[in-house]
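Keep the structure open beside you and look at the places in turn.

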Amino acid sequence: MKQVIEAIAKYNKFLITAHVNLEGDSLGSQLGMKALVESLGKTAIIVDNDAVPDHYKFLPRAEEVCNKLGDGEDFEAAIVLDCPTLKRIGKVRDLIAKGKFIINVDHHISNEKFGDINWVDPNASSAGEMVYKIFKEMGIKLTKETALVLYIAILTDTGSFNYDNTSSVTHEIAGELLGYGIDPASVSESVYERRSIADIKFLGRVLSTIKVNKAADVAYLEITRKMLKETGADLVKAEGFVNYARSIDKVRVAIIFKEDVNDKINVSFRSKGDVDVNKIASFFNGGGHVKASGCVIEGSIAEAEKKVLDKVEEVLRSK
Ligand code: 5GP
Ligand code: MN
């Protein structure tokens, strides 16, 4: 963290980015970092591969998230947040490939330490928590808006303080953030309770694909392009669906297979108990955390399911 603070002090123009498929932590940590840099009288531009999903557009200053650099815009250093590999920033990689200084701040256990400076803390609940710690360490006062985006980063990445990345420190920080005048019930409503009827029908459709293996300790769901077309749903609305598979009694590994364009299947893993799904995702060149990970597999959804389920069986039965 000390090196990150030194680098923030040294440079004046920053590009801030995070992983593809923006969600609560990647957005909250980036918006928090932008506020921090700007409070020092420096400039920061957020550039991401993807657009802000509609259900996160209520975040203060979410409209400042760009998908490319504007004419004449430049930067000296890139701050990459919540991102285990440089590949996961998508097309933004082309912007920072030109020998720019890279500051890597992340909490993924699979982080490849691709930066010139790497602050990787797998014990942190979220990248938002790490940004909060920089504010504290530098003695910079937060605004209510910044407290809100950091609270949402922590709230979403801990599954509302349910996952085991939640510690007493996480609760202490969340408590301090609430002290800026944030109402947890209204935040929860904004984040989790603004689904459309179409979203719920889409969820129903996805849940009806549930399958379990013979031992009934692996449950999996799938989302095909056909389902997206027929329901008019957006893949970003599937955030959290995999948790329904994990919520089944005795299930140790939950998986969701999502058909993407170009014959690519996005696979998300969640585990319960002692199964390390970061290892399973890493086998397929992905990564993440011990209990939440992902990878991309080329081929049809049936092929991806076969490959992944075989590997999961091998891991579970080897114990
Ligand atoms: P999700 O299932 O929510 O997309 O991702 C779960 C976790 O795994 C997140 O921390 C995410 O960053 C990571 N993850 C998801 N897909 C990939 C992937 O293809 N490669 C890597 N390295 N990590 C991934
Ligand atoms: Mn995160």
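Two residues are in contact here when they have heavy atoms within 4.5 Å of each other. Please keep in mind throughout that this is a predicted model.

1. Start with helix α2 (residues 24-39) and helix α4 (residues 127-138). Their axes come within 8 Å and cross at roughly 20°. With angles under 35 degrees counting as roughly parallel, that makes α2 roughly parallel to α4. The crossing of these two helices is left-handed.

2. Which residues make up this contact? On the α2 side you will find Asp 25, Ser 29, Gly 32, Met 33, Ala 35 and Leu 36, and they meet Ala 127, Gly 128, Val 131, Ile 134, Phe 135 and Met 138 of α4. Sorted by type, the residues of the contact of α2 with α4 are 8 nonpolar, 3 polar and 1 charged.

3. Next, turn to α2 and helix α5 (residues 144-157). The axes of this pair also come within 8 Å, with a crossing angle of roughly 155°. Angles over 145 degrees count as roughly antiparallel, and α2 and α5 are therefore roughly antiparallel to each other. Here, α2 passes α5 in a left-handed crossing.

4. In the contact of α2 with α5, the α2 residues are Gly 24, Asp 25, Gly 28, Ser 29, Leu 31, Gly 32 and Ala 35; their partners in α5 are Thr 146, Val 149, Leu 150, Ala 153, Thr 156 and Asp 157. This contact divides into 5 nonpolar, 6 polar and 2 charged residues.

5. Now for the aromatic rings, of which the model has 5 pairs. One of them joins Tyr 11 and Phe 101: the pair is tilted, at 5.2 Å centre to centre and with 35° between the planes. It links distant parts of the chain, since Tyr 11 lies in the loop between α1 (2-10) and β1 (13-18) and Phe 101 in strand β5 (residues 101-106), 90 residues apart.

6. Finally, have a look at Phe 283 and Phe 284. Their ring centres are 5.0 Å apart and their planes stand at 90°, so this pair is edge-to-face. Phe 284 counts as buried, at 12% relative accessibility.

Conventions. Residues are numbered from 1 along each chain as its sequence is written. Chains are lettered from A and ligands numbered from 1 in the order in which they are written. This is a predicted model: local features need pLDDT of at least 70, side-chain atom pairs count only at pLDDT 80 or more; totals for chains, interfaces and linings use all residues. Side-chain values use heavy atoms; hydrogens and water are left out. Axes are lines fitted to C-alpha atoms, for helices over the stretch in contact, and angles run from 0 to 180 degrees between N-to-C directions. Helices (H or I, at least four residues) and strands (E, at least two) are DSSP runs, numbered from the N terminus. Angles under 35 degrees count as roughly parallel, over 145 as roughly antiparallel, 65 to 115 as roughly perpendicular and the rest as oblique. A crossing is left-handed if the near helix is turned anticlockwise from the far one by less than a right angle, and right-handed if clockwise. Ala, Val, Leu, Ile, Met, Phe, Trp, Tyr, Cys and Pro count as nonpolar, Asp, Glu, Lys and Arg as charged, and the others, Gly among them, as polar. Rings of Phe, Tyr and Trp (its six-membered ring) pair if their centres lie within 6.5 Å; planes under 30 degrees apart count as stacked, over 60 as edge-to-face and the rest as tilted. Buried means under 20% relative accessible area, exposed over 50%, partly exposed in between (1.4 Å probe, protein chains only).
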